[in-house]
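Hi everyone, thanks for making time this morning.

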Amino acid sequence: MSQSNTHSVSVAGVIIDDAGRALLTQRRDNGHWEAPGGVLELHEDINAGLRREIEEETGLQIEPLALTGVYKNMARGIVALVFRCKVTGGHLVETDEAKAFCWAHEDKVVALAPEAFAVRVLDAMWFKGSPAVRHHDGTYLLGT
């Protein structure tokens with residue numbers, strides 16, 4: 001099996017509402033519940049890419065508040081930067097990428113999302129000033 005020596009960088013935004021719930025999107029391609037986000041374009045800056053990805057998936061405009069975690073999918077070579085965000089405009093609309101939305105407290109996040117994606121949301125919900133740094137296999141955390 002040949003391995004590539006490159007990585008891709010993705011971004012995700014954990015949007016928290018006034019009730020302390022995080023927005024999850026249900027992906028059309030695999031049905032998984034995750035925070036909205038996606039892969040950065042090669043010449044795109046991080047904040048612009050985060051704003052673009054969230055608006056494309058949800059219809060919402062956001063402002064990033066803090067980097068809450070850095071996560072590496074060891075199997076696929078994807079490094080994800082996750083930000084806690086607030087909504088500044090727009091409204092939720094189903095898109096080509098997201099077929100449903102759910103505002104979830106911690107227990108519902110754990111019930112709906114695979115561990116490797118739930119932890120991103122939980123880290124953002126519990127953020128205390130220092131970003132988490134974690135790695136996973138696409139489903140489960142590694143080395144914990």
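Let me begin with a question: how many bridges join strand S5 to S8? There are five, and the two strands, S5 covering residues 60-73, run parallel.

Before going on, a word on what you are seeing. This is a predicted model, in which local features need pLDDT of at least 70 and side-chain atom pairs count only at pLDDT 80 or more, while totals for chains, interfaces and linings use all residues. Residues are numbered from 1 along each chain as its sequence is written, and side-chain values use heavy atoms, with hydrogens and water left out.

Now the overall layout. The chain has three helices and eight strands; these are DSSP runs numbered from the N terminus, helices being H or I of at least four residues and strands E of at least two. Starting at the N terminus, the order of elements is β-β-β-β-α-β-β-β-α-α-β. With a radius of gyration of 14 Å, close to the 15 Å from the globule rule for 144 residues, the chain is as compact as a globular protein of that length. That radius is taken over C-alpha atoms, and the rule is 2.2 Å times the number of residues to the power 0.38.

Back to the strands. S5 and S8 belong to an open sheet of five strands, ordered S4-S1-S6-S5-S8 with mixed pairing; two strands pair if DSSP finds at least two bridges between them. S4 (37-39) and S8 (132-136) are at the edges with a single partner strand each, so one side of each has no neighbour in the sheet. From one strand to the next, the twist averages 30 degrees. Helix H1, residues 46-58, lies across S1, S4, S5 and S6, at about 105 degrees to S5. Axes here are lines fitted to C-alpha atoms, for helices over the stretch in contact, and angles run from 0 to 180 degrees between N-to-C directions.

Next, what is inside? The largest nonpolar core has 22 residues, and Val14, Tyr71 and Met125 are among those with the most contacts inside it. Such a core is a set of buried Ala, Val, Leu, Ile, Met, Phe, Trp, Tyr and Cys residues joined through side-chain atoms within 4.5 Å. Helix H3 gives the largest share, six residues. A second, separate core of 11 residues includes Val11, Leu81, Phe83 and Cys85.

Let's finish with two residues. Beyond its neighbours within four places in sequence, Thr68 is in contact (heavy atoms within 4.5 Å) with residues including Val82, Phe83, Phe127 and Pro131.

Glu94, in the loop between S6 and S7, counts as exposed because its relative accessibility is 56%. The side chains of Glu94 and Arg28 are joined by a polar contact of 3.4 Å. For that term we need a pair of N or O atoms within 3.5 Å; within protein, one must be able to donate a hydrogen and the other to accept it, and residues adjacent in sequence count only if both atoms are side-chain atoms.

Key
Buried means under 20% relative accessible area, exposed over 50%, partly exposed in between (1.4 Å probe, protein chains only).
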